[in-house]
Amino acid sequence: MKALTTIVLAALTLSSLSAQADPFRVGGMSGKESDLLYAAQKVAKERYGLDVEVVEFSDYFTPNAALDEGSIDANAYQHEPGLRAIMESRNFDFVPVGNTFVYPIGAYSHTIKSIDELKDGATIAIPNDPSNSARTLILMHEHGLIKVKDPSNLTLSVLDITENPHNYDIKEVDAAQLPRVLDEVDMAFINSNYAVDAGLQPTKDAVLRESEQSPYVNIIVVRTEDADKDEVKKFVQAYQSDEVEQAADAAFKGAAVKGW
């Protein structure tokens with residue numbers, strides 16, 4: 001009888017372990033942005049009993065591919081114009097479920113201290129992904145460096161430049177590589193996450209910076225079919241917490257603007 005009880009208890013234990021829910025897997029960019037995901041992970045566990053696994057990526061495309069194939073449950077690294085562009089090109093069925101932060105893009109240089117010092121024919125590096133390329137071109141248009149067809153078009157490209165009066169040599173570079181080319185160009189437009197990771201301080205070092213009222217607020221994204229799941233709601237609440245806001249202030253030194 002005792003042996004039978006032992007077997008039953010062992011079976012119940014195995015059944016209980018197998019019934020445990022998998023962790024809620026969230027993808028994001030490696031570096032400072034992942035610091036915020038780890039802060040949200042802690043809040044999710046302590047406040048909502050949700051186990052979160054942070055999955056770090058090094059490029060802008062893979063987190064969406066991973067979400068589509070189901071290897072992660074959410075991602076938190078992109079803004080809505082970028083999401084719309086990738087959904088249109090890849091037919092992903094995603095939906096944003098919450099805002100995170102705005103990371104104003106800035107122009108950095110090792111050779112000039114002010115945008116007024118930028119010479120005719122200067123070489124300018126910009127991100128090569130469609131949404132951040134458009135974002136940069138709009139900023140350049142707003143500051144009179146170039147003119148584009150429609151500055152309200154969040155999907156414009158270098159082909160939409162109508163005037164380049166200073167003959168700038170505009171080079172498109174992978175966003176993660178932009179800090180590394182600063183010594184090779186006169187100026188580079190760099191996303192705040194990569195700028196901070198490279199030791200740059202957006203609020204002090206940028207010679208030109210996007211407004212904090214940017215439409216490019218980053219978002220938490222899930223598959224449309226999962227939007228109403230309880231764990232999704234718990235993770236959004238965990239991310240949109242004072243603890244994560246404090247982690248952003250520490251990581252980005254004031255360059256991350258709360259979007260919720």
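How exposed is Lys229, in terms of relative accessible area? Lys229 is partly exposed, with a value of 39%. The model behind this value is predicted.

Lys229 has a charged partner. Its side chain meets that of Asp226 in a salt bridge, 3.1 Å from N to O. Asp226 is at 7% relative accessibility, so it counts as buried, since buried means under 20%. The pair does not stand alone. Salt bridges that share partners join Asp226 and Lys229 with Asp73 and Arg223 in one network.

The structure holds 10 salt bridges. Another one links Arg25 and Glu53, whose closest N and O atoms are 3.3 Å apart. Arg25 sits in strand 1 (residues 24–29) and Glu53 in strand 2 (residues 52–57), so this contact ties together parts that are 28 residues apart in sequence. Arg25 is partly exposed, with a relative accessible area of 26%. Glu53 is partly exposed too, at 32%.

Lys171 and Asp169 form a further salt bridge, with 3.4 Å between the closest N and O atoms. Lys171 is partly exposed at 40% relative accessibility. Asp169 is partly exposed at 32%.

Now turn to helix 2. This helix covers residues 32–48, 17 residues in all. From first C-alpha to last it reaches 24 Å, close to the 24 Å expected at 1.5 Å a residue. Its buried residues include Leu36, Leu37 and Val43. Just after the helix comes Gly49, which takes a positive phi of about 65°.

Technical notes: Residues numbered from 1 in each chain as written. Predicted model: local features only at pLDDT ≥ 70, side-chain atom pairs only at ≥ 80, totals over all residues. Heavy atoms only, no water. Helix = DSSP H or I, 4+ residues; strand = E, 2+ residues; numbered from the N terminus. Expected span 1.5 Å × (residues − 1). Buried < 20%, exposed > 50% of the residue type's maximum accessible area, 1.4 Å probe, protein only. Salt bridge = Lys/Arg side-chain N within 4 Å of Asp/Glu carboxyl O.
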